[in-house]
Structure formats: C-alpha cells, structure tokens
Amino acid sequence: VTLKDITKAKLSMANLQRRIELVQSKARLSERAVLDITRDMKRLDQAKRHLSKTITALKRLHMLLHAVSQLEDAANRKPYPDYDMAANLIDATRQLLGHFDGYMASVPNMRALRDRVGILKQNLNQGVIFGFRVVSFGLQHTLQLTDQDDTSKDDFKHQNKTPIH
C-alpha cells in the first residue's frame, strides 16, 4: 500500500461521505415534502366532507321547497284539495324539515317555510273535518255549525283582548 493508494482511498471516502450527506439532505427534503402533501391531503379531505355536506343540504333544501310547492298546489286544488297527495307531501315535508331543525332558530326563512307547512296542514285538517261534517250532518247544518264556531271563536278572541289591570 503506497501513499498514492492511501490518498486515493481518502478521496474516495470523502467523496462517499459527500454522497451520503447529499442523500441524507434529499431524504430530509423528501420527508418535508411528504409531510406537506399529507397535511394538504387532510385539508382537502376535510374540505371535501364539508362540500359533500353542503351539497346534501342544498339538495334537501331543493326537495323541501319543491315538496312545499306541490303541497300548496294539492291543498289549493279546486273544487277540493287532493288529500291523498297532500298526506304524502306532508310526510315528506316533515322528514325534510327535520334535517333543518338546527337552522330554525337562526334562519327566519326556514321558520317561515315551516310555518307555511303548518298553515297548510291546519287548512287541510279543517277541510277534512268539514267534509266529515257534510257527510254526517248535511251541507246546510254543517254551514250553520261552522258559522256558530266562527262566532264563538270571534267572541273568545274579543274576550281575551281585554287588558288585565
């Protein structure tokens, strides 16, 4: 082994050391890149979940608005409401409104939509009761009962409007 061989071996070892350091440096850069990509993927996954929930909520809102519109059409159909269709639509609106319970306190339009459905249900219920009365008592007697009920309701309202001192 000569001095030249030893110098050559030292140069080879120094060269090998530089290559190892270069590989280690590239490995650290790759690790950082992987961590950045992983973090970005987690953020994208979270954004995807939020977007999916938003799309689902918008689809349900669209279905709810369509169901309420159809319910209004069924309830206002002439000469008499389509009670069969209205019953199905009331069930559908009830289920769809359930998805938006968390928004009722903070979104006035959701409350207004819920109230519209409530009024439609009430009107349909009154129509069914009126129909049963007509079948049971006849039209003239039912109209007299209805007039009496309205008068009683008006009297009750006036009685309850007096201020309490």
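Tyr83 is found in helix α2, residues 83–98. This is a predicted model, where local features need pLDDT of at least 70, side-chain atom pairs count only at pLDDT 80 or more, and totals for chains, interfaces and linings use all residues. Residues are numbered from 1 along each chain as its sequence is written, and side-chain values use heavy atoms, with hydrogens and water left out.

User: What makes α2 a helix here?
Analyst: Helices are DSSP runs of H or I with at least four residues, strands are runs of E with at least two, and both are numbered from the N terminus. The α2 run covers residues 83–98. The protein chain has 4 helices and 0 strands.

User: Why does Tyr83 count as partly exposed?
Analyst: Its relative accessibility is 30%. Buried means under 20% relative accessible area and exposed over 50%, with partly exposed in between (1.4 Å probe, protein chains only), so Tyr83 counts as partly exposed. Of the 165 residues of the protein chain, 12% count as buried.

User: Which residues have the most contacts inside the largest nonpolar core?
Analyst: They are Leu64 and Leu71, in a core of 17 residues. Helices α1 (3–75), α2 and α3 (108–137) each give two or more residues to this core, and α1 supplies the largest share, 6 residues. A nonpolar core is a set of buried Ala, Val, Leu, Ile, Met, Phe, Trp, Tyr and Cys residues joined through side-chain atoms within 4.5 Å.

User: What does Leu71 touch?
Analyst: Not counting residues up to four places away in sequence, Leu71 touches Ala86, Leu89, Ile90, Thr93, Val117, Leu120 and Leu124; contact means heavy atoms within 4.5 Å.
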